Amino acid sequence: QVQLVESGGGLVQAGESLRLSCAASGRIFSINSMGWYRQAPGKQRELVATITSGGRTDHADSVKGRFSISRNNAKNTVYLQMNSLKPEDTAVYYCFADSRNVDLTYSRYWGQGTQVTVSS
């Protein structure tokens with residue numbers, strides 16, 4: 001089993017920044033993609049950003065130019081730097097990691113979620 005622990009959420013004003021972290025631990029052979037989703041009240045979960053083990057990134061159009069995903073493979077940790085935050089960024093942010101199993105398949109694991117609230 002793999003556990004993901006998130007940190008870094010909080011309450012900020014519009015225009016400010018936050019940095020989310022998500023550390024994976026447990027029985028890890030290798031991790032392929034890692035990333036972040038978010039879910040605002042009454043809305044569906046939205047993919048925010050992903051990063052492969054090789055460092056290739058992809059960001060949702062709604063956060064391009066403001067958010068930046070990165071990772072430290074040695075620490076099995078993924079980060080989300082969020083700048084110029086807007087009230088519409090308010091959501092619970094969930095990290096995920098695609099971890100390889102013994103049989104070479106992959107399983108997706110999720111963090112517990114961290115609340116980000118942006119006031120206007």
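Student: Which strand does strand 1 join, and how many bridges are there?
Tutor: Strand 1 (residues 2-7) is joined to strand 3 (residues 18-26) by six bridges, and the two run antiparallel; strands here are DSSP runs of E with at least two residues, numbered from the N terminus, and two of them pair if DSSP finds at least two bridges between them. This is a predicted model, in which local features need pLDDT of at least 70 and side-chain atom pairs count only at pLDDT 80 or more, while totals for chains, interfaces and linings use all residues. Residues are numbered from 1 along each chain as its sequence is written, and side-chain values use heavy atoms, with hydrogens and water left out.

Student: And what stands opposite Gln-3?
Tutor: Opposite Gln-3 is Ser-25, in strand 3.

Student: What about strand 8, how does strand 3 pair with that?
Tutor: Six bridges connect strand 3 with strand 8 (residues 77-82), again in the antiparallel sense, and Leu-18 stands opposite Met-82 of strand 8.

Student: Switching topic, how many disulfides does the structure hold?
Tutor: The structure holds one disulfide, meaning a pair of cysteine sulfur atoms within 2.5 Å; Cys-22 and Cys-95 form it, with their sulfur atoms 2.0 Å apart. The pair links distant parts of the chain, since Cys-22 lies in strand 3 and Cys-95 in strand 9 (residues 91-100), 73 residues apart.

Student: Why is the disulfide right-handed?
Tutor: Because the torsion about the S-S bond of Cys-22 and Cys-95 is about 50°.

Student: Is Cys-22 buried or exposed?
Tutor: Cys-22 counts as buried, because its relative accessibility is 0%, where buried means under 20% relative accessible area, exposed over 50% and partly exposed in between, using a 1.4 Å probe and protein chains only. Cys-95, at 0% relative accessibility, also counts as buried.

Key
Helices (H or I, at least four residues) and strands (E, at least two) are DSSP runs, numbered from the N terminus.
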